[in-house]
Amino acid sequence: MDEITPKALYLNRRQFLRAAGITSAAALLGACTAPAATSTSSVFTDELTKKETALSFNNFYEFSLSKAGVAPAVGKFQTSPWTLEVSGLVDKPMSLSIEQIKEKFRSREHVYRMRCVEGWSMVLPWQGFALADFLNEVAPKSQAKYVSFQTAALPDQMPGINETASFPWPYTEGLRLDEAMHNLTLLATGLYNEDLSKQNGAPIRLVVPWKYGFKSGKSLVKIELTAEEPDTFWNLYAPNEYGFYANVNPSVDHPRWSQATELRLGDSERRATLLFNGYDEVAPLYEGMDLAANF
Ligand code: MTE
(Lines give C-alpha, C1' and ligand atoms only; values in the text may rest on other atoms or scores of the structure.)
Protein backbone atom coordinates (compact mmCIF):
# COMPACT_ATOMS: atom_id res chain seq x y z
CA MET A 1 0.00 0.00 0.00
CA ASP A 2 2.82 2.36 0.93
CA GLU A 3 4.36 1.83 -2.46
CA ILE A 4 1.15 2.28 -4.38
CA THR A 5 0.19 5.60 -2.84
CA PRO A 6 3.12 7.79 -3.84
CA LYS A 7 3.12 6.33 -7.32
CA ALA A 8 -0.57 7.04 -7.84
CA LEU A 9 -0.07 10.55 -6.59
CA TYR A 10 2.91 11.09 -8.83
CA LEU A 11 1.01 9.93 -11.91
CA ASN A 12 -1.87 12.11 -10.96
CA ARG A 13 0.33 15.14 -10.57
CA ARG A 14 1.90 14.58 -13.94
CA GLN A 15 -1.51 14.59 -15.55
CA PHE A 16 -2.34 17.87 -13.89
CA LEU A 17 0.95 19.45 -14.80
CA ARG A 18 0.24 18.56 -18.38
CA ALA A 19 -3.20 20.08 -18.14
CA ALA A 20 -1.84 23.21 -16.50
CA GLY A 21 0.57 23.64 -19.37
CA ILE A 22 -2.29 24.60 -21.63
CA THR A 23 -1.97 28.33 -21.94
CA SER A 24 -5.35 29.45 -23.26
CA ALA A 25 -7.17 31.17 -20.44
CA ALA A 26 -10.32 29.20 -21.17
CA ALA A 27 -8.31 26.13 -20.32
CA LEU A 28 -7.92 26.92 -16.68
CA LEU A 29 -10.13 25.36 -14.12
CA GLY A 30 -11.89 23.79 -17.08
CA ALA A 31 -8.99 22.26 -18.89
CA CYS A 32 -7.73 20.48 -15.88
CA THR A 33 -9.78 17.54 -16.97
CA ALA A 34 -10.32 14.90 -14.40
CA PRO A 35 -7.51 12.35 -14.30
CA ALA A 36 -8.26 9.30 -16.41
CA ALA A 37 -10.68 7.01 -14.67
CA THR A 38 -9.60 3.48 -13.98
CA SER A 39 -12.46 2.08 -11.99
CA THR A 40 -14.82 3.46 -9.41
CA SER A 41 -14.55 2.34 -5.85
CA SER A 42 -17.62 2.62 -3.69
CA VAL A 43 -15.58 2.19 -0.52
CA PHE A 44 -15.64 5.49 1.29
CA THR A 45 -12.69 6.03 3.55
CA ASP A 46 -11.62 9.34 4.89
CA GLU A 47 -7.96 9.10 5.66
CA LEU A 48 -6.26 12.46 6.00
CA THR A 49 -4.44 13.60 2.89
CA LYS A 50 -0.68 13.78 3.34
CA LYS A 51 0.41 17.21 4.50
CA GLU A 52 3.09 17.42 1.80
CA THR A 53 0.41 16.90 -0.84
CA ALA A 54 -1.89 19.59 0.52
CA LEU A 55 0.99 22.07 0.71
CA SER A 56 2.39 21.41 -2.74
CA PHE A 57 -0.60 20.65 -4.99
CA ASN A 58 -2.54 23.92 -5.02
CA ASN A 59 -4.96 25.97 -7.03
CA PHE A 60 -4.10 29.62 -6.42
CA TYR A 61 -4.11 31.38 -9.77
CA GLU A 62 -2.86 34.65 -8.32
CA PHE A 63 0.51 32.88 -8.10
CA SER A 64 0.60 30.30 -10.86
CA LEU A 65 -1.56 28.40 -13.26
CA SER A 66 0.33 25.24 -12.40
CA LYS A 67 -0.50 23.41 -9.19
CA ALA A 68 3.12 22.62 -8.44
CA GLY A 69 4.06 26.20 -9.35
CA VAL A 70 2.10 27.89 -6.53
CA ALA A 71 4.22 27.04 -3.49
CA PRO A 72 7.51 28.15 -5.10
CA ALA A 73 5.90 31.48 -6.14
CA VAL A 74 4.53 32.71 -2.79
CA GLY A 75 7.80 34.09 -1.38
CA LYS A 76 6.99 37.79 -1.82
CA PHE A 77 3.44 37.53 -0.50
CA GLN A 78 3.15 39.59 2.72
CA THR A 79 0.52 38.07 4.99
CA SER A 80 1.35 40.25 8.00
CA PRO A 81 0.07 42.82 8.87
CA TRP A 82 -3.36 41.75 7.61
CA THR A 83 -6.81 43.23 8.01
CA LEU A 84 -10.17 41.70 7.20
CA GLU A 85 -13.00 44.18 6.70
CA VAL A 86 -16.69 43.32 7.07
CA SER A 87 -19.18 45.80 5.67
CA GLY A 88 -22.36 46.23 3.66
CA LEU A 89 -25.82 45.53 5.09
CA VAL A 90 -24.73 45.20 8.70
CA ASP A 91 -25.43 47.26 11.82
CA LYS A 92 -21.88 46.98 13.14
CA PRO A 93 -19.27 46.97 10.37
CA MET A 94 -15.82 45.95 11.58
CA SER A 95 -12.25 45.81 10.49
CA LEU A 96 -10.07 43.39 12.40
CA SER A 97 -6.41 42.47 12.29
CA ILE A 98 -5.62 38.79 12.00
CA GLU A 99 -4.34 38.91 15.60
CA GLN A 100 -7.66 40.34 16.80
CA ILE A 101 -9.54 37.67 14.86
CA LYS A 102 -7.49 34.86 16.38
CA GLU A 103 -7.97 36.27 19.85
CA LYS A 104 -11.71 36.85 19.50
CA PHE A 105 -12.71 33.62 17.75
CA ARG A 106 -11.48 30.33 19.20
CA SER A 107 -10.31 27.97 16.48
CA ARG A 108 -10.74 24.24 16.69
CA GLU A 109 -10.00 21.41 14.34
CA HIS A 110 -12.51 20.48 11.60
CA VAL A 111 -11.60 17.57 9.34
CA TYR A 112 -13.41 18.10 6.04
CA ARG A 113 -13.42 16.54 2.61
CA MET A 114 -12.58 18.99 -0.17
CA ARG A 115 -13.74 18.17 -3.70
CA CYS A 116 -12.31 20.26 -6.52
CA VAL A 117 -14.52 20.85 -9.55
CA GLU A 118 -11.70 19.33 -11.61
CA GLY A 119 -12.41 15.86 -10.23
CA TRP A 120 -9.92 15.32 -7.41
CA SER A 121 -10.37 15.52 -3.66
CA MET A 122 -8.49 15.67 -0.37
CA VAL A 123 -9.31 15.29 3.34
CA LEU A 124 -7.94 18.21 5.31
CA PRO A 125 -7.68 19.05 9.03
CA TRP A 126 -8.50 22.77 9.23
CA GLN A 127 -8.18 24.98 12.28
CA GLY A 128 -10.98 27.47 12.15
CA PHE A 129 -14.28 28.73 13.50
CA ALA A 130 -17.81 29.06 12.19
CA LEU A 131 -18.29 31.97 9.80
CA ALA A 132 -21.66 32.38 11.56
CA ASP A 133 -19.87 33.44 14.77
CA PHE A 134 -18.04 36.10 12.81
CA LEU A 135 -21.13 37.35 10.99
CA ASN A 136 -23.19 37.48 14.17
CA GLU A 137 -20.71 40.04 15.52
CA VAL A 138 -21.54 42.49 12.73
CA ALA A 139 -25.32 42.08 13.13
CA PRO A 140 -26.60 41.56 9.56
CA LYS A 141 -29.55 43.77 8.65
CA SER A 142 -32.80 42.06 7.63
CA GLN A 143 -32.25 43.10 3.98
CA ALA A 144 -28.95 41.14 3.86
CA LYS A 145 -29.51 37.98 1.80
CA TYR A 146 -26.03 37.20 0.42
CA VAL A 147 -22.40 37.37 1.49
CA SER A 148 -19.65 38.39 -0.91
CA PHE A 149 -16.00 37.46 -0.29
CA GLN A 150 -13.08 39.31 -1.79
CA THR A 151 -9.53 38.02 -1.66
CA ALA A 152 -6.19 39.82 -1.94
CA ALA A 153 -5.04 40.97 -5.39
CA LEU A 154 -1.49 42.30 -5.11
CA PRO A 155 0.26 42.15 -8.49
CA ASP A 156 3.63 43.10 -6.96
CA GLN A 157 3.48 40.11 -4.65
CA MET A 158 1.43 37.67 -6.73
CA PRO A 159 3.20 36.90 -10.00
CA GLY A 160 0.21 35.09 -11.55
CA ILE A 161 -1.98 38.19 -11.69
CA ASN A 162 -0.02 39.95 -14.42
CA GLU A 163 0.16 36.74 -16.42
CA THR A 164 -3.60 36.33 -16.41
CA ALA A 165 -4.84 39.84 -17.03
CA SER A 166 -7.96 38.55 -18.77
CA PHE A 167 -9.24 37.19 -15.46
CA PRO A 168 -11.73 39.30 -13.49
CA TRP A 169 -9.40 40.01 -10.53
CA PRO A 170 -9.78 40.21 -7.60
CA TYR A 171 -10.93 36.64 -6.92
CA THR A 172 -14.42 36.96 -5.52
CA GLU A 173 -16.87 34.42 -4.23
CA GLY A 174 -20.31 34.46 -2.71
CA LEU A 175 -22.80 32.51 -0.62
CA ARG A 176 -26.42 32.94 0.27
CA LEU A 177 -26.65 34.22 3.85
CA ASP A 178 -28.18 30.95 5.09
CA GLU A 179 -25.32 28.99 3.49
CA ALA A 180 -22.82 31.34 5.10
CA MET A 181 -24.53 30.85 8.49
CA HIS A 182 -24.50 27.05 8.26
CA ASN A 183 -22.30 25.63 10.99
CA LEU A 184 -20.17 23.68 8.47
CA THR A 185 -19.00 26.94 6.84
CA LEU A 186 -15.66 28.00 8.30
CA LEU A 187 -13.16 30.75 8.37
CA ALA A 188 -9.88 28.85 8.62
CA THR A 189 -6.57 30.19 9.90
CA GLY A 190 -4.72 26.90 10.19
CA LEU A 191 -4.15 23.52 8.58
CA TYR A 192 -2.45 20.43 10.08
CA ASN A 193 -2.20 22.29 13.38
CA GLU A 194 -0.02 25.04 11.93
CA ASP A 195 -0.81 28.53 10.67
CA LEU A 196 -2.14 28.38 7.12
CA SER A 197 0.65 28.28 4.58
CA LYS A 198 0.63 31.06 1.99
CA GLN A 199 -0.21 28.57 -0.74
CA ASN A 200 -3.23 27.34 1.21
CA GLY A 201 -4.60 30.87 1.72
CA ALA A 202 -2.81 32.53 4.62
CA PRO A 203 -3.69 34.17 6.85
CA ILE A 204 -7.43 33.46 6.59
CA ARG A 205 -9.66 31.69 4.06
CA LEU A 206 -13.14 30.40 3.57
CA VAL A 207 -13.96 26.67 3.73
CA VAL A 208 -17.33 25.44 2.43
CA PRO A 209 -17.02 21.65 2.34
CA TRP A 210 -20.21 20.72 0.45
CA LYS A 211 -19.33 22.98 -2.51
CA TYR A 212 -16.61 22.65 -5.13
CA GLY A 213 -13.29 23.95 -3.85
CA PHE A 214 -13.35 27.11 -5.94
CA LYS A 215 -16.02 28.54 -3.61
CA SER A 216 -13.49 28.55 -0.76
CA GLY A 217 -11.67 31.83 -1.39
CA LYS A 218 -8.13 32.16 -0.07
CA SER A 219 -6.45 35.11 1.66
CA LEU A 220 -9.64 37.05 2.35
CA VAL A 221 -9.51 40.82 2.69
CA LYS A 222 -13.17 41.80 2.58
CA ILE A 223 -16.58 40.33 3.41
CA GLU A 224 -19.66 42.26 2.37
CA LEU A 225 -23.32 41.55 3.07
CA THR A 226 -25.60 42.34 0.16
CA ALA A 227 -29.25 42.18 -0.88
CA GLU A 228 -28.49 40.84 -4.36
CA GLU A 229 -26.54 37.78 -5.47
CA PRO A 230 -22.93 38.99 -5.82
CA ASP A 231 -20.69 38.46 -8.85
CA THR A 232 -18.20 35.63 -8.51
CA PHE A 233 -14.87 35.15 -10.27
CA TRP A 234 -15.48 31.87 -12.11
CA ASN A 235 -19.07 32.67 -12.94
CA LEU A 236 -18.00 36.00 -14.46
CA TYR A 237 -15.28 34.25 -16.39
CA ALA A 238 -17.19 31.20 -17.69
CA PRO A 239 -20.88 31.46 -16.75
CA ASN A 240 -21.84 28.33 -18.68
CA GLU A 241 -19.34 26.25 -16.70
CA TYR A 242 -19.34 27.61 -13.15
CA GLY A 243 -22.53 28.61 -11.38
CA PHE A 244 -23.12 30.56 -8.19
CA TYR A 245 -24.13 27.51 -6.15
CA ALA A 246 -21.45 24.99 -7.18
CA ASN A 247 -22.77 22.34 -4.81
CA VAL A 248 -20.91 19.06 -5.27
CA ASN A 249 -23.31 16.95 -7.32
CA PRO A 250 -22.41 13.69 -9.11
CA SER A 251 -25.44 14.00 -11.41
CA VAL A 252 -24.69 17.46 -12.76
CA ASP A 253 -21.76 17.16 -15.13
CA HIS A 254 -19.39 19.94 -15.95
CA PRO A 255 -20.01 20.77 -19.64
CA ARG A 256 -16.62 19.21 -20.43
CA TRP A 257 -16.42 16.23 -18.06
CA SER A 258 -18.41 14.00 -15.76
CA GLN A 259 -18.64 14.76 -12.04
CA ALA A 260 -19.76 11.22 -11.16
CA THR A 261 -16.37 10.17 -9.76
CA GLU A 262 -13.29 11.71 -8.22
CA LEU A 263 -9.71 10.77 -7.43
CA ARG A 264 -8.88 11.16 -3.76
CA LEU A 265 -5.24 12.25 -3.91
CA GLY A 266 -3.14 9.32 -2.73
CA ASP A 267 -5.63 6.68 -3.93
CA SER A 268 -5.06 4.51 -6.96
CA GLU A 269 -8.70 4.27 -8.03
CA ARG A 270 -11.46 6.77 -8.48
CA ARG A 271 -14.40 6.69 -6.14
CA ALA A 272 -18.01 7.77 -6.46
CA THR A 273 -18.66 11.46 -5.80
CA LEU A 274 -21.37 12.09 -3.23
CA LEU A 275 -24.13 14.68 -3.40
CA PHE A 276 -23.12 17.68 -1.28
CA ASN A 277 -19.73 15.94 -0.92
CA GLY A 278 -21.44 13.65 1.59
CA TYR A 279 -22.59 16.50 3.87
CA ASP A 280 -26.28 15.57 3.71
CA GLU A 281 -27.16 17.92 6.53
CA VAL A 282 -27.12 20.85 4.11
CA ALA A 283 -29.93 19.39 1.94
CA PRO A 284 -32.66 21.48 3.66
CA LEU A 285 -30.94 24.64 2.38
CA TYR A 286 -31.93 23.64 -1.16
CA GLU A 287 -35.41 22.24 -0.62
CA GLY A 288 -37.62 22.93 -3.63
CA MET A 289 -34.68 24.16 -5.69
CA ASP A 290 -33.75 22.64 -9.06
CA LEU A 291 -30.15 21.57 -8.41
CA ALA A 292 -29.48 20.93 -12.09
CA ALA A 293 -30.56 24.44 -13.07
CA ASN A 294 -28.69 26.05 -10.18
CA PHE A 295 -25.33 24.40 -10.69
N1 MTE B 1 -8.79 31.39 -3.84
C2 MTE B 1 -8.09 32.30 -4.55
N3 MTE B 1 -7.95 33.53 -4.05
N4 MTE B 1 -7.54 32.00 -5.76
C5 MTE B 1 -7.68 30.75 -6.33
O6 MTE B 1 -7.15 30.52 -7.45
N7 MTE B 1 -8.62 28.51 -6.10
C8 MTE B 1 -9.77 27.76 -5.56
C9 MTE B 1 -9.84 27.85 -4.04
N10 MTE B 1 -9.63 29.22 -3.59
C11 MTE B 1 -8.42 29.77 -5.61
C12 MTE B 1 -8.95 30.12 -4.34
C13 MTE B 1 -9.77 26.36 -5.98
S14 MTE B 1 -10.16 26.05 -7.61
C15 MTE B 1 -9.54 25.34 -5.09
S16 MTE B 1 -9.76 23.70 -5.55
C17 MTE B 1 -9.06 25.60 -3.72
O18 MTE B 1 -8.88 26.98 -3.47
C19 MTE B 1 -7.73 24.88 -3.50
O20 MTE B 1 -7.30 25.03 -2.18
P21 MTE B 1 -5.93 24.39 -1.71
O22 MTE B 1 -4.86 24.73 -2.70
O23 MTE B 1 -5.66 24.94 -0.35
O24 MTE B 1 -6.15 22.88 -1.65
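1. A residue is called buried if its relative accessible area is under 20%, exposed if it is over 50%, and partly exposed in between (1.4 Å probe, protein chains only). By that rule, 55% of the 295 residues in this chain are buried. The accessible surface comes to about 12,800 Å², and 51% of it belongs to carbon and sulfur atoms; these areas come from the Shrake-Rupley method with a 1.4 Å probe, and for residues only the protein chains shown count as cover.

2. Please keep in mind that this is a predicted model: local features need pLDDT of at least 70, side-chain atom pairs count only at pLDDT 80 or more, and totals for chains, interfaces and linings use all residues. Residues are numbered from 1 along each chain as its sequence is written, and side-chain values use heavy atoms, with hydrogens and water left out.

3. How confident is the predictor? The score here is pLDDT, the predictor's confidence in each residue, from 0 to 100. The chain averages 89, and 85% of the residues score at least 70. Residues 1–27 stay under 50, and the model has 37 contacts for them beyond four places in sequence. Residues 31–44 are also below 50, with 44 contacts beyond near neighbours in sequence. A contact means heavy atoms within 4.5 Å.

4. On the overall layout, the chain has 9 helices and 13 strands. These are DSSP runs numbered from the N terminus: helices (H or I) have at least four residues, strands (E) at least two. Of the contacts between residues at least 6 apart in sequence, 73% join residues at least 24 apart.

5. Now to the aromatic rings. Rings of Phe, Tyr and Trp (its six-membered ring) pair if their centres lie within 6.5 Å; planes under 30 degrees apart count as stacked, over 60 as edge-to-face and the rest as tilted. The count comes to 24 aromatic pairs. One of them is Tyr112 with Tyr279, edge-to-face at 5.9 Å centre to centre and 70° between the planes. This pair links distant parts of the chain, 167 residues apart: Tyr112 is in strand E4 (residues 108–115), and Tyr279 is in the segment after strand E13 (270–272). Tyr112 counts as buried because its relative accessibility is 6%, and Tyr279 is buried too, at 7%.

6. A further edge-to-face pair is Tyr146 with Phe244, at 5.9 Å and 80°. Tyr146 belongs to strand E6 (residues 146–151), whereas Phe244 lies 98 residues away in the loop between helix H9 (233–237) and strand E12 (261–264). Both Tyr146 and Phe244 are buried. There is also an aromatic cluster whose members include Tyr61, Trp169, Phe214 and Tyr242.

7. Which charged residue sits over the ring of Tyr279? It is Arg113, whose charged end is 4.4 Å from the ring centre. A charge sits over a ring if NZ of Lys or CZ of Arg is within 6 Å of the ring centre and within 35 degrees of the ring normal. Arg113 is in strand E4 and is buried, with a relative accessible area of 12%. The side chain of Arg113 also makes a polar contact with the side chain of Asp46 at 2.7 Å. Such a contact is a pair of N or O atoms within 3.5 Å; within protein, one must be able to donate a hydrogen and the other to accept it, and residues adjacent in sequence count only if both atoms are side-chain atoms. Lys215, in turn, lies over the face of Phe244, 4.4 Å from the ring centre.
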